[in-house]
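Dear colleague,

I am pleased to hand over the structure below for your files. Kindly look it over before reading the notes that accompany it.

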Amino acid sequence: FINDIIIAFNILEEYLEYLKAIFGLFTEKGIFISPKKFYLSYPNVELLSFKVNALGLIIIIKRITALKNLKFLN
């Protein structure tokens, strides 16, 4: 079971080559992608409590607030 695959490149040609390689591997191994769960070419995504875009990583504020509110035993 594959949950998420994130592919990001700054150069379009490299991005397209990598996609071709990944999809070729999927075909070779008999791995299918559900069209309902397939998203391609997003300007930014939320991943592991970060927003990822062309500028890099942005920490999501609600995650920082949750960490600040943690209570620890003395």
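This is a predicted model: local features need pLDDT of at least 70, side-chain atom pairs count only at pLDDT 80 or more; totals for chains, interfaces and linings use all residues.

Residues are numbered from 1 along each chain as its sequence is written, and side-chain values use heavy atoms, with hydrogens and water left out.

The core

I7, Y15, L19, I22 and F26 make up the largest nonpolar core (a set of buried Ala, Val, Leu, Ile, Met, Phe, Trp, Tyr and Cys residues joined through side-chain atoms within 4.5 Å; buried means under 20% relative accessible area, exposed over 50%, and partly exposed in between, with a 1.4 Å probe and protein chains only). Neighbours within four places in sequence aside, I7 is in contact (heavy atoms within 4.5 Å) with Y15, Y18, L19 and I22.

The hairpin

Strand 1 and strand 2 run antiparallel and are joined by four bridges (strands are DSSP runs of E with at least two residues, helices are runs of H or I with at least four, and both are numbered from the N terminus; two strands pair if DSSP finds at least two bridges between them). L47 stands opposite F50 in strand 2. Two residues lie between the strands of this hairpin, where L48 takes a positive phi near 50°.

The C-alpha atom of L48 is separated by 9.5 Å from that of I59, eleven residues apart along the chain. I59 belongs to strand 3 (residues 56–59) and counts as partly exposed because its relative accessibility is 47%.

Helix 2

L67 is part of helix 2 (residues 61–68). Is this residue, L67, buried or exposed? L67 counts as exposed, because its relative accessibility is 59%. From C-alpha to C-alpha, L67 and F32 are 37 Å apart in space and 35 residues apart in sequence.

The largest pocket

The largest pocket holds about 1200 Å³ of space (an open set of points on a 1 Å grid over the protein atoms alone, where a 1.4 Å probe fits, with protein on both sides within 12 Å along at least five of seven lines; lining residues have an atom within 4 Å of a point). Of its 34 lining residues, I5, I6, I7, Y39 and L40 are the closest to its centre. Helix 1 gives the most to this lining, with six residues.

Yours sincerely

How values were computed: Grid points are joined across faces, edges and corners, and a volume is the space filled by probe spheres set on the points.
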